[in-house]
Amino acid sequence: MTDLTNTAERLTMEFVHYEVKERVGYITLARAEKRNALNYEVVSELKRAFSIAEEDEACKVIVLRAEGKVFCAGADLEYIQRLQENDYHENLLDSTHLMELFRLIYTLKKVVIAQIHGHAIAGGCGLAAICDFGFTVPEARFGYTEVKIGFIPAIVKVFLLRKIGESRAKQLLLTGDLISAEEAERYGLVNYVVPVQELEERVFAFAQKLCAENSRQSMEVTKEMVARVQSMSLEEGLQYAAEMNAVARGSEDCQRGIAAFLNKEEIKW
């Protein structure tokens, strides 16, 4: 379990907060005055917070949320403007920094739930969509507006294609239009649209359900397999699946779970 000294230190990051409540780790964007826009420092703190949560034994499921009226407005454009003075290699280092954050969340061992209380735009929409589950409110708007300012949705595109497919992705990425929460649900960007006054409670209840009912190990391996199998051929994917199936049968969690089911016992995960 994370020691208290490190936990206290981790809670004092400037733009991101981390805390645990009943096995649910909350990572909170806290740059409301800038609509939680992403710059180098914010990305650094998010990477740190997710790395902490991944290794924190007190945390089983992670919730990503934000302060203020907006979930995340994407890249800090003033920051991007300053970066235009950099050369290609300096800009590549910066964009790689952002790519590493998205890859970290996508491949994280633990389930990540996005609690989207306001607009999620451009990189902010990517940040929301890359989470394993998304809860949002009817008032929120979603979209990738990069093409409207001469930029490109480069990194988010890689994950968006996996999540919603080419046709839907092109609709969003090439028009730059914003869509409603209900449309985002239909597209598969988010999973649930709930009233704003119920959002926090519904997310917590869902996270608690995962904590109580599901094996940590099983969720971790399943998430890893979803990420890896999509880049494999049919034969490679099936062979990989068969191998992982065999490994899972011998795992302690599988043995405990099947024994409890057959003995009609309630198992506490």
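**A quick tour around helix H6**

Just after H6, Gly 165 takes a positive phi of about 90 degrees. Helices here are DSSP runs of H or I with at least four residues, strands are runs of E with at least two, and both are numbered from the N terminus. Keep in mind that this is a predicted model: local features need pLDDT of at least 70, side-chain atom pairs count only at pLDDT 80 or more, and totals for chains, interfaces and linings use all residues. Residues are numbered from 1 along each chain as its sequence is written, and side-chain values use heavy atoms, with hydrogens and water left out.

- Val 156, Phe 159, Leu 160 and Ile 164 of H6 are buried (under 20% relative accessible area, with a 1.4 Å probe and protein chains only).
- They cover an arc of only 110 degrees around the axis, so they sit on the same side of H6; the arc is that of the directions from the helix axis to the C-beta atoms.
- The cover over these buried residues includes H4, helix H5 (123-129), helix H7 (166-175) and helix H8 (181-187).

**H4 against H6**

- Helix H4 (residues 88-107) packs with helix H6 (residues 154-164) at an angle of about 25 degrees, and their axes are 9 Å apart.
- Axes are lines fitted to C-alpha atoms, for helices over the stretch in contact, and angles run from 0 to 180 degrees between N-to-C directions.
- H4 and H6 are therefore roughly parallel to each other (angles under 35 degrees).
- H4 brings Ser 95, Leu 98, Met 99, Phe 102, Arg 103 and Tyr 106 to the contact, while H6 brings Ile 155, Val 156, Phe 159 and Arg 162; contact means heavy atoms within 4.5 Å.

**The sheet**

- Six strands make an open sheet with mixed pairing, in the order S1-S2-S3-S4-S6-S9; two strands pair if DSSP finds at least two bridges between them.
- Strand S1 (16-21) and strand S9 (192-193) are at the edges with a single partner strand each, so one side of each has no neighbour in the sheet.
- Strand S2 (residues 24-29) runs parallel to S3, joined by six bridges, and Ile 27 stands opposite Leu 64 in S3.

**Cys 59**

- Look for Cys 59 in the loop between helix H2 (40-55) and strand S3 (61-66).
- Cys 59 is buried, at a relative accessible area of 0%.
- Leaving aside neighbours within four places in sequence, Cys 59 is in contact with residues including Tyr 18, Arg 23, Lys 110 and Arg 216.

Notes:
Angles under 35 degrees count as roughly parallel, over 145 as roughly antiparallel, 65 to 115 as roughly perpendicular and the rest as oblique. Buried means under 20% relative accessible area, exposed over 50%, partly exposed in between (1.4 Å probe, protein chains only).
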